[in-house]
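Have the structure open as you read.

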Amino acid sequence: MQKLLNYVGGELVSPASGEYFENIDPSIGEPYSMIPDSGIEDVALAVNAAGKAFPSWSRTSPEERYEILMRVSRIIEENLEDLARAECIDNGKPLSLARSVDIPRAVSNFKFYATAAIHFASESHSSAGSSINYTLRQPIGVVGCISPWNLPLYLFTWKISPALAAGNCVVAKPSEVTPMTAFLLSEICIEAGLPAGVLNIVHGTGPNAGAEIVKHPGVKAISFTGGTATGEWIAREAAPKFKKLSLELGGKNPNIIFADCDFDEMLETTVRSSFANQGQICLCGSRIFVERPLIEQFCGEFVERVKGLKIGDPLETGTNVGAVVSEPHMEKVLSYVELAKEEGGTVLTGGKRADVNGRCSNGYFVEPTVIEGLEHDCRTNQEEIFGPVVTIQPFDEEEEVLSYANSVRYGLSSTVWTSDLKRAHRVAENLEAGIVWVNTWMNRDLRTPFGGVKDSGMGREGGFEALRFFTEEKNVCIAY
Ligand code: NDP
């Protein structure tokens, strides 16, 4: 079975312990490769390699960094099909999705931050004819990037590329559940000629490899995407060491549908915003609120569409719903369906492990599930499920739906469907969320600030926000 390797100091190396653990293909429920079980020694080697590379990498010009990051982007693009297939097998997502979303976005992330490096600028302030202040934005040093399993290469590169573009050296860890495309990225970086030690990738478990990156005194900033509980632990560990922190955490996003919306467009998008990637996107709208005059029509047509989604082998053309990422995750999602029933919910469709014949008969498939009849404040509607499960709740008034939407501890994204422009502005202003989409969903412009409020995290990624995060400001004041 293939053994993945860490990428340290420009080389592919085994973990210091020599220990590996199994990497499971969730669509067949069987191991297909081995993951390095890295720990404190591997992280120390990676931080050391990054520290050695930093003086020279941080002094390269933005143009030099642009050239090399563009090379990485081009090689990812040339290998799009292989990477998409690898992502599909590692994660369980439909190949069509990996091909159209995950890998193209990894290409864009490197391209975007390659060009951002040459456009990034700092401020200058002239003070009443006696002095001038200018702000230097200098790379921080060695930074840590830790990413989750739902959009593996997409989110991994979303962190690494701005960190490198800003002149930092990186120690990164992908999720142990989906390490394959991060491993393939290390091969791509070698081919692109990224200098040794500039990017180091350490594989392993969160509590072992991940926690050691957070704890290491040589790592000056942590960019983390993952669950709120892990984010809390990282914040507690990093705060006394005054590490810079960017935390992109969980969500429980509302999808608010007013009766005056464009019904067909809303319906089409709501099927995607509910079940794309098996509902395992932090931006999925898992709480659907429908204005009462539309509720009957919506429930009927939405459930029909959902029943028509094809669950099956992620490698097959035409599959809409692949496997969820792991057996424990499948059990977690199904336990929430049971909870919803206990809380008085009615399952309109789905609710069970899906039977998929042939090659995937032991895979971790969950039927897309739609539940109604729950109160906004029950556990099913308050806790993050992060799977193919949505609830539908009716509302009568704008104020009422805002109070439901804002009643959760999270505040990542939200979607509003209406043709009333004034209402769109009003509702957007009053939603407690870092991102509001009106009459669209997951419509991303990489220049915009990305992140959440409340327990969905702190800090913003995207555009120059990420370059600001990955640099330290220094003000220089010169009298004349
Ligand atoms: P986790 O928090 O379990 O893991 C995220 C990453 O952190 C993984 O690489 C994990 O490693 C690692 N990790 C786990 N424990 C520690 C630790 N103590 N110290 C350092 N690193 C650690 O999240 P999931 O992977 O389960 O991802 C799902 C979550 O991510 C959901 O809550 C989802 O909402 C959120 N998310 C948020 C996004 C956003 O932009 N706000 C985007 C996408 C997802 P390992 O996997 O090896 O345990």
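## Starting at E11

What is the place of E11? E11 is in strand β3, which covers residues 11–13; strands here are DSSP runs of E, at least two residues long, helices are runs of H or I with at least four, and both are numbered from the N terminus. Is E11 buried or exposed? E11 is exposed, at 52% relative accessible area. The scale calls a residue buried under 20%, exposed over 50% and partly exposed in between, using a 1.4 Å probe and protein chains only. Sequence distance and space tell separate stories here: E11 and G197 sit 186 residues apart in the chain, yet their C-alpha atoms are 8.7 Å apart.

## How the model is read

Keep in mind that this is a predicted model, where local features need pLDDT of at least 70 and side-chain atom pairs count only at pLDDT 80 or more, while totals for chains, interfaces and linings use all residues. Numbering runs from 1 along each chain as its sequence is written, and side-chain values use heavy atoms, with hydrogens and water left out.

The protein splits into domain 1 (2–249 + 456–479) and domain 2 (254–445), with bounds taken from an automatic or database domain assignment. Their contact (heavy atoms within 4.5 Å) takes 29 residues from domain 1 and 30 residues from domain 2. Taken over C-alpha atoms, the domain centres are 30 Å apart.

Putting the two together buries about 2200 Å², with carbon and sulfur atoms giving 58% of that; buried area is the accessible area (1.4 Å probe) that the two parts lose, summed over both. On the domain 1 side, S27, W149 and S456 lose the most area to domain 2, together 23% of what that side buries.

As for charge pairing, the rule finds one salt bridge across the interface, meaning a side-chain nitrogen of Lys or Arg within 4 Å of a carboxyl oxygen of Asp or Glu. E232 and R409 form a salt bridge, with their closest N and O atoms 3.9 Å apart.

## A look at Q382

Over in helix α12 (residues 379–382) you'll find Q382. Q382 counts as buried, at 19% relative accessibility. Beyond its neighbours within four places in sequence, Q382 is in contact with K252, H376, D377, S407, V408 and Y410. With H376, the side chain of Q382 reaches the backbone oxygen at 3.0 Å.

Note on methods:
A polar contact is a pair of N or O atoms within 3.5 Å; within protein, one must be able to donate a hydrogen and the other to accept it, and residues adjacent in sequence count only if both atoms are side-chain atoms.
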